[in-house]
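Here's a quick tour of some side-chain and helix geometry. Have the viewer open and follow along.

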Amino acid sequence: MTEQSRTDTVSAPESRLTADAAPRTRIARARFSGVNQRQILGLLAVLAILVVVGSTTTDNFFEVSNLMLLLSQASIIGVLSVGMTFVVISGGIDLSVGAIIALASVWATTGATQEFGLWGMLFTAVVVAGACGLINGVLIAYGGLVSLIVTIAGLASYRGMATLISGGQPQVVRVDGFGAIATTEFLGIPLLVYMFAATVLVGWLLLNRTTFGRHVFAVGGNAEAARLAGIDVRRIRTTVFVLSGLCCAIAAIMLTARTATGASTHGNLYELDAIAAVILGGTLLSGGRGTLIGSVLGVVVFTTVNNIFVLNNLSTPIQQIAKGVIIVIAVLLQRRANRTSAA
């Protein structure tokens, strides 16, 4: 047997393996895509049921004022969920987002900051929140620490800093025009909703139409394989936490404008709402798969549930119990869908 024939004999099975692997990859992607589609259709069905429940149990569910309030409330958590989706797809978690909101709102409303006017306040919120996200990302990506531990530490320290700066007291916004962020409407729709929509659009483009987005999925799916493929895993992980911090800045601006104050209590437990919405939207907690559209629908579903409870004068503990039940059901459905797609 010649050297060339031996080479052909060896390479032929490899070629067949490569050829066989490609269809399997396409089938796996199609199955995952089908899972996402089913998840979104399921969320739309749940939302339709909630609308029916809301309209039958209350008299003012479809009032314009209530719908605008619902959309405004969904916008703040929704912006957070955009950043959280990137973090979770990459295989991480961020429990510090609520505390970052508090710190950004307090720092942006100090007397010294407000002397620089509207743009000074906006700039401060973005820089502070972005810096917090950068710190989280560097400690996780370059320090080799677990995201759960780092962001729990951030949850405590960032809120502690907010309390220290504000003295535990709300700081009133005195800059003309800042409150207009929450009160301005275009075509009857609050500016907050447009800010949310713009954030979702930018996030969707980054995640689905850029190399960076593909790398985020790759890192979350298998970080070691991504590294061997030449992807800078540490840079990707740092960047997703910076993105989460920037989303916190937008949410802090929105919340501060709505309340006309900066307070160390702002954003309390918002991280749980954002994570719950992302999970409900079909993003895997283990990373590697997710969709921003699903996260947006998850936010709307949770906000609608809260709105129905408030309109029916149900207590906050009942709302918390309902959220917990919804999260557990969502995770169980995820596991079932994953088993089905792997079969």
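What follows covers the ground rules, aromatic pairs, a helix crossing, a threonine and the cysteines.

## Ground rules

This is a predicted model, so local features need pLDDT of at least 70 and side-chain atom pairs count only at pLDDT 80 or more, while totals for chains, interfaces and linings use all residues. Residues are numbered from 1 along each chain as its sequence is written, and side-chain values use heavy atoms, with hydrogens and water left out.

## Aromatic pairs

The structure has 3 aromatic pairs; rings of Phe, Tyr and Trp (its six-membered ring) pair if their centres lie within 6.5 Å, with planes under 30 degrees apart called stacked, over 60 edge-to-face and the rest tilted. One of them joins Phe 61 and Phe 62, edge-to-face at 5.3 Å centre to centre with 80° between the planes. Phe 61 is buried at 3% relative accessible area, whereas Phe 62 is exposed at 52%. Here buried means under 20% relative accessible area, exposed over 50% and partly exposed in between (1.4 Å probe, protein chains only).

Then look at Phe 86 and Phe 212: their ring centres are 6.3 Å apart and their planes sit at 20°, so this pair is stacked. Because Phe 86 lies in helix H2 (residues 64-89) and Phe 212 in helix H9 (residues 211-221), the pair ties together parts 126 residues apart in sequence. Helices (H or I, at least four residues) are DSSP runs, numbered from the N terminus. Both Phe 86 and Phe 212 are buried.

## H9 against H11

How do the axes of H9 and helix H11 (residues 233-259) cross? They come within 10 Å, at roughly 105°; axes are lines fitted to C-alpha atoms over the stretch in contact, with angles from 0 to 180 degrees between N-to-C directions. That makes the two helices roughly perpendicular, a label for 65 to 115 degrees.

On the H9 side, Phe 212, His 215, Val 216 and Val 219 meet H11 residues including Val 233, Ile 236 and Leu 243, where contact means heavy atoms within 4.5 Å.

## A threonine in H5

Thr 124 lies in helix H5 (residues 117-141) and is buried at 15% relative accessible area. Leaving aside residues up to four places away in sequence, Thr 124 touches Trp 107, Ala 108 and Thr 113.

## Cysteines

Searching the whole structure turns up 0 disulfides (a disulfide is a pair of cysteine sulfur atoms within 2.5 Å). For Cys 132, the nearest cysteine sulfur is that of Cys 248, 8.3 Å away. Cys 132 is buried, at 4% relative accessibility.

How values were computed:
Parallel < 35°, antiparallel > 145°, perpendicular 65-115°, else oblique.
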